[in-house]
Amino acid sequence: MGHLTREQTFEPKLKMKNLNILIIGAGVAGLTCANLLKRQGSKFQIVEKESLGNFNGSGYMLGLLPLGGRVLTELDLDKEYFEQSIEMTDYEIHKENGTLNKAYSLNFINKDYGSYRGIGRKELISILTKSIGNEHIQFDTTITEIQQKENLVIVIFSDGKKDSFDLVIVADGIHSETRKLLWNDNEYKYYDTDWGGWVAWLENKNLNAYKEYWGAASFLGLYPVKNKIGVFLGGPNELIKKEGMSGFVQKIKKEILPEFKIVHNSLDTLESTENPFYWEFHDCRTKDWQKGNVILLGDSACGFLPTAGVGASMAMDSASALVDELSRTDKEHIGYGLKLYIKRQKKKVETAQEDSRKLGKLMFVKSNLIAGIRDYAIRFYSIKQLAKNISKTIEG
Ligand SMILES: Cc1cc2nc3c(=O)[nH]c(=O)nc-3n(C[C@H](O)[C@H](O)[C@H](O)COP(=O)(O)OP(=O)(O)OC[C@H]3O[C@@H](n4cnc5c(N)ncnc54)[C@H](O)[C@@H]3O)c2cc1C
């Protein structure tokens, strides 16, 4: 018997070629999903609120667990990902004055599950955008109306045009405006920490450890990515409003011992950053992720506090689970495919969200007394105890 040629043995995956899909939001979830759909040969279109000129600005830093990074391997984007990110080996929790309180090695993750990496959101979005091409994204566009009609979803775009789709994936982030078109106010709920803060970049610095400084009514984090460090300074909204950025920075600087130069440099960089964006820290949970053939994905379904650094990994993992379920769903049963996806993913995502909230409660403490007790207790915590559910998620 003669050998088959490669073309004869390799069937391209085109099972989903007859589905017409709209993705709303070109963020981590939307673009991961688009890349996965492209591999399945599916027809899709993405709309993004930002104009091309404003799209993917300086952004912030992301820690990506193997849970998210593995999806980039599935997409054959691991080479670019590894080139533009660094492996994280340690996690350190310091006291308010800069001294080390507890150090954890992250190498059990790197060794047993896959590389835990630091990457800028801007770099991640660029990798994901480049591989699908800008021509698939309609910038400067939102959705003004969505109607379900039997097995079709009719959509009206902000430029007045109308179109119909087999499936609409809503991935427009934690403050999803599109969700409001189909979901009532009482179907999703924001959870507020009353804390917030700013992000700045310390350029030309290399570090492989996450360094956090847990204070009373203050939080400082240094999160490295390739060749630079993302600096986050936060505190209670009310105090920050009262002190202003400069006043708050000076207050923290007074607490930090002079020998911790990197912390002083970080705070100076933050103070000299022009109009840094102020992030208010809340998350959001939506009761039901699906309405007919419309599905919420990423932060619009279940948004994350950045405390455990898991929202982006979860969004990517969810995109992968969604496309996997869709790949075995025929056009007439998309609603059922979406139900299976929710069954598979919702509990996993919500338990990780719970961990992020618990960590937030430890990190965001106002009183000196409670902060002192916490700082003492933390010495006896293992990393698996700190983020119990996330550890289970990492292990699968
Ligand atoms: C400061 C900070 C630090 C974080 N650190 C980490 C971390 O270390 N690790 C981690 O895993 N996660 C982290 N996260 C969380 C993570 O960024 C999110 O969970 C993740 O980006 C969610 O992806 P998404 O695609 O759902 O939303 P996003 O990435 O926010 O994307 C939403 C997209 O939709 C677009 N959009 C918005 N409204 C509309 C509309 N009406 N129509 C069309 N498009 C619209 C937006 O412009 C954007 O492009 C952090 C978040 C913050 C704020």
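## The antiparallel sheet

Glu 87 has Arg 117 as its bridge partner in S7, and strand S7 (residues 117–120) is joined to S4 by two bridges in the antiparallel sense; strands are DSSP runs (E, at least two residues) numbered from the N terminus, and two of them pair if DSSP finds at least two bridges between them. The model is a predicted one, in which local features need pLDDT of at least 70 and side-chain atom pairs count only at pLDDT 80 or more, while totals for chains, interfaces and linings use all residues. Residues are numbered from 1 along each chain as its sequence is written, and side-chain values use heavy atoms, with hydrogens and water left out.

These pairings belong to an open sheet of three strands in the order S3-S7-S4, with antiparallel pairing. Strand S3 (61–64) and strand S4 (86–87) stand at its edges with a single partner strand each, so one side of each lacks a neighbour in the sheet.

Val 170 is the bridge partner of Ile 24, and Val 170 has Leu 296 as its bridge partner in S19.

## Asp 192

Asp 192 lies in strand S13 (residues 188–203) and counts as partly exposed because its relative accessibility is 43%, a class that lies between under 20% and over 50%.

Notes
Helix = DSSP H or I, 4+ residues; strand = E, 2+ residues; numbered from the N terminus. Buried < 20%, exposed > 50% of the residue type's maximum accessible area, 1.4 Å probe, protein only.
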